[in-house]
Amino acid sequence: MASSRTLNLIALGFLFAVIVIVFWQIETDFKEQGIASGGPYDDASLYPRAIAIFIGVLLVFQLVIESFRGRTTTLTEVIQASDFGRAGMMLAVFAVYLMVLTTIGYHLATAPMICAIMWICGMRNLPKLAISSVAIATSFAFVFEAFLNVVLPLGIWNVFIPW
Amino acid sequence: MSCCRSASGTSLSPGRCAVILDFLSAGLDVFLSPLALGLTFAGIIVGLVVGAMPGLGPLMGIILLLPVAIGLPPVAAMGFLIAIFVGGSCGGSISAILLRIPGTPLAAATLYDGYPLAQKGRASDAIGIAITSSAIGGLLGGVVLVFCAPILARLASNFAPPEYTMLAIMGLFAIVVISGGSIIKGLLAGSFGLLISTVGTDSFSTGLRFTFGSHNLLNGFHIVAVVVGLFAISEMAAQMMKRDLLKIPDVKVARPGLHTISLTLRHYVNLIRSSAIGTFFGAIPGAGGVISSFTSYAVAKAAARPGEEYGEGAEGGVVATESANNSTVGGTLVPTLSLGIPGDASSAMLLGALLILGFIPGPAMFENNPDVVGGIFMVYLASNIFLLVAGILATPLFVYVLRIPKVYLIPSILLLCSIGTFALQASVFDLQVMLAFGLIGILFRAADYPLAPVVIGMILGPILEANLRRSLLISREGYWIFLDRPVSATLVVVNVLLLVAMVYLTIKRIRSTTKGDLAKAMSTEE
């Protein structure tokens, strides 16, 4: 499992990628639109460029600090891999839910998502899982659809509950 | 509009009270609607519930219910969100007293005396004192808000783009310096927030920035989708890493009575002093409730009478921390409303809500929308009164909520995040943004980057950029405009001092870390 230094370096890498994107966009898309130079009114790159440079300077400082730091406690000493696995599985289930939400609709997608997350949490009582996931999904739908007039995704089969 | 004219046109020194009364009467008209009253009361209940639940807190409450609020009339929406802020700031004390787990960091100092009081069999008294102190502290903070915000807004009405540019930079710097942790990481997080705010159509040149040809990005990222992802999704991932997901917490029922009001009022000097400390720290961007509650606790302990044993269940300890952290809410709303500079992440979300509702906090809002400003004053004052009533009467309900295992809470919160974010614009893209920022939030948390500066950077970003470019447009001497004007030059000096403080703190931190590593290495070799 990653040490805190590795995680710091990943975060720095992410921020470095962000400033690369900023300069790449300024050199390509901004120039094509004619907004990469000129006075304060026309130059839309002035501000993002300044911030990207500021981030770049801070990244250098942070890298220097990281190089001074010793390798610190690994996260595995605090959190087991299985605990990370639970969080990862939850995110995977949630990502799949968001992908299928518009296709199969809120009412068909939500209860299985809740059921799966409860299962990942460790609940193994099947009737309890089924009842509570349907109850949570339906009660949220009732509040949002009946009280707040939100139209939840109906999916390709137009599944809805006429409250 | 007559109220507007009198509010803006009256000289503040002779007619200050009249101006304030104008705001309050304009606000009372819009506040006294069943919807605004009902939602303010509901907000207090929601705030107490989210505050009491460890891992949630007022910020999460505001974030989760922001999508619901922005479809409502302005004062009702702000009443709901401000009441969540007020209730959430107090709710953390319930779990601190009963479980020895502060529901929010704001209640961490309440542990010192709240839990020992509960151990002595006085849990109900401790909760009653915490709620009463919070309500009275909040009301005293409200008085400062009502009196100071219009004055500050009046002063700020003379500000031009250079002053606003420097104020925005100051807000970001102050939050990074005071909020603790690594200064460079705080600045990186804040700068990342500033960059996120540039995505979309540039309001000056109308050019498209970082949209990658996607029409979904023409208006940039929706702040709610970003914030829900950064905070709520990453928090749920963090909760999933814990092992007590099926456990039902063992909580004893507490029923505070009205006699706790008199118990609290016995400590009136402590109450007023701690509320003053809380309001002061609240008004400083970045300081917030945690610093104010620990400071007021330390001051109260230093000023304690011989009989009072702080740390062993002294009522004064609970009074000091709870009155301070709730009065902070009033203080933090002063710069948020009058200058448009948020005091902390929760007030940044309130500022974001006002922007989404179509109001730009600052002097112009005091001039053009006195009913909204007055309405916000009214909902804040009413929230604290409702807190006293609901807190004392409904504590058994909050205690019951503490017994709900996380296995039910985590999927419910994820569902609330997704429906709420979808409801903003019926957009699946917002859900994808939420998930993407959830992953960024997890990375930032794991690498120990603070998340609050990202949000504050995102909110201050458009203010900073627009005023920077306006300053340069009106300037004949480029960047010298920031030194030509006295107020702007003063703010430049403050920003330079904050920068010096950041460099000093960073060097100090590096030295202590290096020393620590050396000592560790030496002990390992031995």
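Guide: In this predicted model, buried residues make up 62% of the 526 residues in chain B; a residue is buried if 20 or more other C-beta atoms, placed from the backbone, lie within 10 Å of its own. Local features need pLDDT of at least 70 and side-chain atom pairs pLDDT 80 or more, while totals for chains, interfaces and linings use all residues. Residues are numbered from 1 along each chain as written, with chains lettered from A and ligands numbered from 1 in written order.

Visitor: Which residues have the most contacts inside the largest nonpolar core?

Guide: They are A:Ile117, B:Ile63, B:Leu81 and B:Val379, in a core of 228 residues. Such a core is a set of buried Ala, Val, Leu, Ile, Met, Phe, Trp, Tyr and Cys residues joined through C-beta atoms within 7 Å.

Visitor: And what does B:Val379 touch?

Guide: Beyond its neighbours within four places in sequence, B:Val379 is in contact with residues including B:Phe31, B:Met78 and B:Ile82. Contact requires C-beta atoms, placed from the backbone, within 7 Å.

Visitor: Changing topic, how many residues of chain A are in contact with chain B?

Guide: 55 residues of chain A are in contact with 55 residues of chain B.

Note on methods. Contact = placed C-beta atoms within 7 Å. Buried ≥ 20, exposed ≤ 12 C-beta atoms within 10 Å, placed from the backbone.
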